[in-house]
Amino acid sequence: MLSQTDQKKIKFKLKNIYRYHLSETEISSCCGEITKAINRFNKKKRKQKKIISEKTSIVICYGDSVFSNSEKHLFKNFQNFFQKKLKKYFNTVHFLPFYPSSSDSGFAVKDHYKIDSRLGNWSDIKKFSKKNDIMADIVINHSSARGLWFKNFLKEKKPGKDYFLAVNSNFNVSKVIRPRDHQLLKKIDIFKKPKFLWRTFSPDQLDMNFKNPAVLLRFIKIMINLVNHGVTIFRLDAIAYLWKESGTKCINLKETHEIIKLFRLICNLLNVESIIVTETNLPEKENISYFGNADEANWIYNFSLPPLLIYSFLFENSSYLNNWNKKLPQTKKGNSYLNFIASHDGIGMRPVEGIINKNNKNKFLKRLKKNGSKFSFRKVQNKSKKVYEANITIFDALKKSDYDPKGKYFLERFISAHSIMISFEGVPAIYFNSLFGTSNDKAKYIITGNKRDLNRYRWGQQNIIDKLKDKKSKQSIFYKSITNLLEIRKKQKAFHPNALRCNIELNSKIFCFKRVSIDKKQIIMCITNLSSKIQYIKLNSKLVKWNDLLGSNLNYVSTTELRLEPFQTLWLSNKKKKRTP
């Protein structure tokens, strides 16, 4: 049973959220409902602790990333593939939304309590969670216009009554920050009164009304339901847009941060330890704010890393990466960056606002367009549009550059970019398609017209198995290269998510940082040549005796000067590489 102290903590958080909207009695009632839900859960579950270490790595996928026409339950296809090809390298799977949905590849959820019947059922998730950590989305900002909640909303029935945000004509939206370029508000008549439905992301994704505490309670219960079925890491999708107030930017509002603090507190009070991850595709300072004072997100997506890495490799310059790395705060114990280069979405451009200047950003977008990118736009206050994200696979994004127009070094660029991401402070997450160097899915894009579908290829099970059997295939080469990096990472204490990271500037063609294990016993120097030309670097005499964990024979041209091949990466360690038995 929750103590009086814990109940007071919950009530305090609720007061911070609803002080202007609910009475003391209503806040007490809401606190009581949350307490009951936690107590019911804790009665059935023993205390379970989660261990995060250098062995923690995530594969991001859809439930049908691997499919077979002969298998009805697509989760089982993926799980079979995972057991054969991935379990050695990943201990965590981020299954993108697996609920019944009406659009946006699962992000227009119709029912948060069900699994799409094509994929399988809750027992599939539960079974998989016994040997692996599961990360899942709580699509919290919006819900489907074709789900039960909205049907009930229109009838004033529960569940759904007052669940969706409908504002009147007096609501001032002039300062609202937009992530898309469609019309934000949809006028409808609700019980013969004109109202405007709020649609941050699409006409089919209607924003939830968190000023109604029933909505908050509903999502707390959804989270607890997920824990009951084996999910212990929660991605709070589009969380920054949760709370809206007239005349404000309607993003990053104080109430949104307080709601995350409440979710963090509830996770801490459950007997099964779980992790909150905020998905905030925003400029760097705003993104980092979601750590709070170590009382909000456990992990935040390191959104600036993908565009900065890709830019640095395409233009063979480490200046932006170095400046950013110097300023990026070191995480506290219990917090972590979630590092990635690719995801189911595109390459976000907002995270490099204030980092890459306008001229260089335009050069960047021009190069990406040459490499096959489409672009998604957002509306800004003067009614013009800005690029929100580049829609392209990471393989195509890095395939050619102005310095390497024929793509001679496409493989080296791709692997070195991943070597930086995998060795950087935080937890690495690799998108399923990146494991195989997948190109843009042009066929699907032509059919759907959805730009994000370029980066959402689904693999036939037999097709990908055959590709991996062929040692000369592109897919096999990429798979072996990336999984080798992960296998090495797992054995290095200096790659613990909270191990110290120090930026070291060598020259504009080299990106270098140092990782130091928590016990101070291991040091790894991560050095990457970002250019298509041979580079030379000088090391002090101490480093000369160190070993490259990646297995290269170090090429010294003098006692301290080292030669780096185009796009070569070194992980120089003061400890020898452990041999696999």
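How do the residues lining the second largest cavity divide into nonpolar, polar and charged? That was my opening question for this predicted model.

**Entry 1: the second largest cavity**

I found eight nonpolar, five polar and three charged residues in the lining of the second largest cavity. The space inside is about 130 Å³. I counted 16 lining residues, and those nearest the centre are Phe303, Phe340, Ser343, Asp345 and Gly346. I also looked up which elements contribute: helix H9 (305–314) and strand E14 (347–348) each give at least two residues to this lining.

**Entry 2: the largest cavity**

I then stepped back to the whole structure, where the search turns up five cavities of 30 Å³ or more. The largest cavity has a volume of about 190 Å³. Its lining is made of 20 residues, with Arg180, Phe201, Asp237, Ala238 and Glu279 closest to the centre. By class I noted eight charged, seven nonpolar and five polar residues.

Next I turned to the open spaces. For the largest pocket I noted a volume of about 510 Å³. Lys50, Ile52, Glu273, Lys333 and Gly334 are the closest to its centre among 19 lining residues. The lining splits into eight polar, six nonpolar and five charged residues.

The second largest pocket holds about 440 Å³. Of its 18 lining residues, Arg180, Phe201, Ser376, Asn450 and Arg452 lie nearest the centre. I was pleased to meet two names again here: Arg180 and Phe201 are also listed among the residues closest to the centre of the largest cavity. Which strand supplies the largest share of this pocket's lining? I found that it is strand E15 (residues 374–379), with three residues. By class, the second largest pocket is lined by eight polar, six charged and four nonpolar residues.

**Entry 3: a surface patch**

I went looking on the outside too, and found a nonpolar patch formed by Ile534, Tyr536 and Val557. Together these residues have about 250 Å² of accessible area. I placed Val557 in the loop between strand E24 (555–556) and strand E25 (561–564). Is Val557 buried, partly exposed or exposed? Its relative accessible area is 44%, so I wrote it down as partly exposed.

**Entry 4: Ile504**

My last stop was Ile504, in strand E19 (residues 500–504).

Terms used:
Residues are numbered from 1 along each chain as its sequence is written. This is a predicted model: local features need pLDDT of at least 70, side-chain atom pairs count only at pLDDT 80 or more; totals for chains, interfaces and linings use all residues. Side-chain values use heavy atoms; hydrogens and water are left out. On a 1 Å grid over the protein atoms alone, a cavity is a set of points where a 1.4 Å probe fits but cannot get out, and a pocket is an open set with protein on both sides within 12 Å along at least five of seven lines; lining residues have an atom within 4 Å of a point. Grid points are joined across faces, edges and corners, and a volume is the space filled by probe spheres set on the points. Ala, Val, Leu, Ile, Met, Phe, Trp, Tyr, Cys and Pro count as nonpolar, Asp, Glu, Lys and Arg as charged, and the others, Gly among them, as polar. Helices (H or I, at least four residues) and strands (E, at least two) are DSSP runs, numbered from the N terminus. Patches are made of residues with over 30% relative accessible area and no salt bridge: like charges are joined within 9 Å, nonpolar side chains (Val, Leu, Ile, Met, Phe, Trp, Tyr) within 5 Å. Accessible areas come from the Shrake-Rupley method with a 1.4 Å probe; for residues, only the protein chains shown count as cover. A salt bridge is a side-chain nitrogen of Lys or Arg within 4 Å of a carboxyl oxygen of Asp or Glu. Buried means under 20% relative accessible area, exposed over 50%, partly exposed in between (1.4 Å probe, protein chains only).
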